Amino acid sequence: MNDKTTLTEPNSVTEQSSTTLIDEKSRRWQLALGVDDDQQGTLNDRDKRLSGALSALYNAEQSTARGRGSLSRSAPKISKWLGDIREFFPVPIVQVVQRDAFERLGLKEMLMEPEFLAAIEADVHLVADLVSLRSVMPEKTLDTARHVIDKVVNQLLAKLEQKTTEAIRGAVNKSKRSFRPRFSDIDWPRTINANLRHYQPKYNTIVPDKLIGFMRQQRRLADLDEVILCVDQSGSMATSVVYSSIFAAVMASIPAVKTKLICFDTSILDLTEDLADPVSVLFGVQLGGGTDINQAIAYCEKQIEHPSKTHLLLISDLYEGGDASQLKQRIAQLIKQDVNVITLLALSDDGRPAYDSDMASEFATLGSPVFACTPDQFPDLMATALKREDVMAWAAEQDIKAIRPHE
């Protein structure tokens with residue numbers, strides 16, 4: 001019996017190895033040729049992502065349907081699937097795919113056309129896509145892309161800067177008022193309300209008789225509140241990176257707070273020194289790739305000097321590729337030290353994001369408010385955080401659905 005067993009075991013192992021080899025060959029052919037929807041069941045979740053990322057670029061039928069230079073919002077986001085490509089392939093292959101994406105999607109032709117800048121309806125999504133592909137753009141095209149990005153950033157700054165500045169200044173010094181404020185310290189809502197009787201119909205404006213503003217105080221550097229924006233730059237977080245960079249630039253211009261911007265994937269990029277120019281910040285990030293949140297939080301820990309005056313905003317979908325257990329320990333320790341840790345699953349206009357629901361619930365259990373936020377809501381969120389008020393109560397008032405803790 002033992003001899004028989006000894007003789008049959010090698011055959012069994014050989015058959016097993018042969019079957020595994022056939023399955024692997026079949027998998028590779030499916031990924032190379034693409035699969036229909038009814039064949040998706042033969043691939044695991046990771047292979048489905050890889051197949052979808054490749055099909056989005058190399059499926060000729062889809063490319064034709066989109067048309068030349070299409071950046072349709074309904075198509076897979078360039079930065080999202082390019083992020084997947086960076087995760088699945090080594091750098092030399094990624095560079096090939098980036099060049100193909102740049103050519104096949106018609107971006108090169110679009111950016112070379114003189115009429116492009118005047119006609120394009122550029123938005124935050126286009127900015128994210130251009131930032132993702134900048135490494136394969138020729139110099140002339142890169143200049144045009146930077147011009148497009150600068151145009152969108154300036155539009156967003158015009159929309160978001162005043163509200164953010166007023167909200168944060170009001171939060172850090174809400175009790176002191178001055179009737180002879182400097183221009184940058186004027187509290188415009190109160191000033192307008194106090195001067196409504198001075199409205200001039202001929203000029204369609206108010207000529208204020210009395211200015212109301214925030215009393216400027218000389219505050220020691222050690223007394224300042226510190227805000228650390230720790231932003232996930234993996235592909236799925238592309239628009240969040242754009243908005244975070246703009247808000248960080250706005251807050252960095254406010255003397256009442258110290259602002260740091262840390263972007264990360266599997267590496268860490270401290271962009272704090274570049275915040276005077278948000279376009280340069282965006283050209284410094286590298287969208288796409290893997291995620292190591294634990295490593296990023298460890299870096300942020302080292303930047304904290306006064307925990308009770310620090311507000312750490314982690315902006316991430318919480319899909320952790322690093323040490324998840326250690327990450328949760330770090331968050332728990334920061335909260336214990338009185339760091340105001342807030343977790344935003346997204347900072348964008350795109351609705352409810354995809355995120356790791358288990359990790360989100362774990363963070364909520366540790367005591368960090370966890371929810372998604374729109375750019376319009378962000379200034380009020382920061383004001384609430386800086387005043388150390390109940391962020392969860394604020395979210396409820398805004399009809400924001402926060403993540404519940406594990407029970």
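Two strands count as paired if DSSP finds at least two bridges between them. Helices (H or I, at least four residues) and strands (E, at least two) are DSSP runs, numbered from the N terminus.

This is a predicted model: local features need pLDDT of at least 70, side-chain atom pairs count only at pLDDT 80 or more, and totals for chains, interfaces and linings use all residues. Residues are numbered from 1 along each chain as its sequence is written, and side-chain values use heavy atoms, with hydrogens and water left out.

**Stop 1: the sheet**

Select strands E8 (310-315) and E9 (residues 340-347). E8 and E9 pair in the parallel sense, over 5 bridges. Pick Leu314; its bridge partner in E9 is Thr343.

Strands of a sheet pair through backbone hydrogen bonds, either parallel or antiparallel.

How many of the residues of E9 are buried? The count is 8 of the 8, so E9 is largely enclosed by the rest of the structure. Buried means under 20% relative accessible area, exposed over 50%, and partly exposed in between (1.4 Å probe, protein chains only).

**Stop 2**

Select Glu226, in strand E5. Is Glu226 buried or exposed? Glu226 counts as buried because its relative accessibility is 5%. Its side chain makes a polar contact with the side chain of Lys258, at 3.5 Å. A polar contact is a pair of N or O atoms within 3.5 Å; within protein, one must be able to donate a hydrogen and the other to accept it, and residues adjacent in sequence count only if both atoms are side-chain atoms. Not counting residues up to four places away in sequence, Glu226 touches Lys258, Lys260, Gln303, Lys309, Thr310 and His311. Contact means heavy atoms within 4.5 Å.

Move to Thr259, in strand E6 (residues 257-264). At 9% relative accessibility, Thr259 is buried. Beyond four places in sequence, its contacts are Val227, Ala248, Met251, Ala252, Thr272 and Leu275.

**Stop 2: helices on the sheet**

Axes are lines fitted to C-alpha atoms, for helices over the stretch in contact, and angles run from 0 to 180 degrees between N-to-C directions.

Zoom in on H13 (residues 293-303). Its buried residues are Ile293, Asn294, Ala296, Ile297, Ala298, Cys300 and Gln303. They pack against E5, E6, E7, E8 and helix H14 (324-336). Look at the N-terminal end of H13, where Asp292 is the cap. One of its side-chain oxygens lies 3.5 Å from the backbone nitrogen of Asn294.

**Stop 3: H14 beside H15**

Select H14 and H15. Their axes come within 10 Å and cross at roughly 25°. H14 and H15 are therefore roughly parallel to each other, a term for angles under 35 degrees. From H14, the contact is made by Ala324, Leu327, Lys328, Ile331, Ala332 and Ile335; from H15, by Met359, Glu362, Phe363 and Leu366.

Stay on H15 (residues 357-366) and pick Ala364. Ala364 is buried, with a relative accessible area of 12%. Leaving aside neighbours within four places in sequence, Ala364 is in contact with Val370, Ile403, Arg404 and Pro405. Its C-alpha atom is separated by 7.7 Å from that of His406, 42 residues apart along the chain.

**Stop 4: two positive phi values**

Most residues other than glycine have a negative phi. Select Leu318, in the loop between E8 and H14. Its phi is near 65°. Leu318 is buried, with a relative accessible area of 0%.

Finish at Asn204, in the loop between strand E2 (199-200) and strand E3 (205-206). Asn204 has a positive phi of about 55° although it is not a glycine. At 59% relative accessibility, Asn204 counts as exposed.

Note on methods. Parallel < 35°, antiparallel > 145°, perpendicular 65-115°, else oblique.
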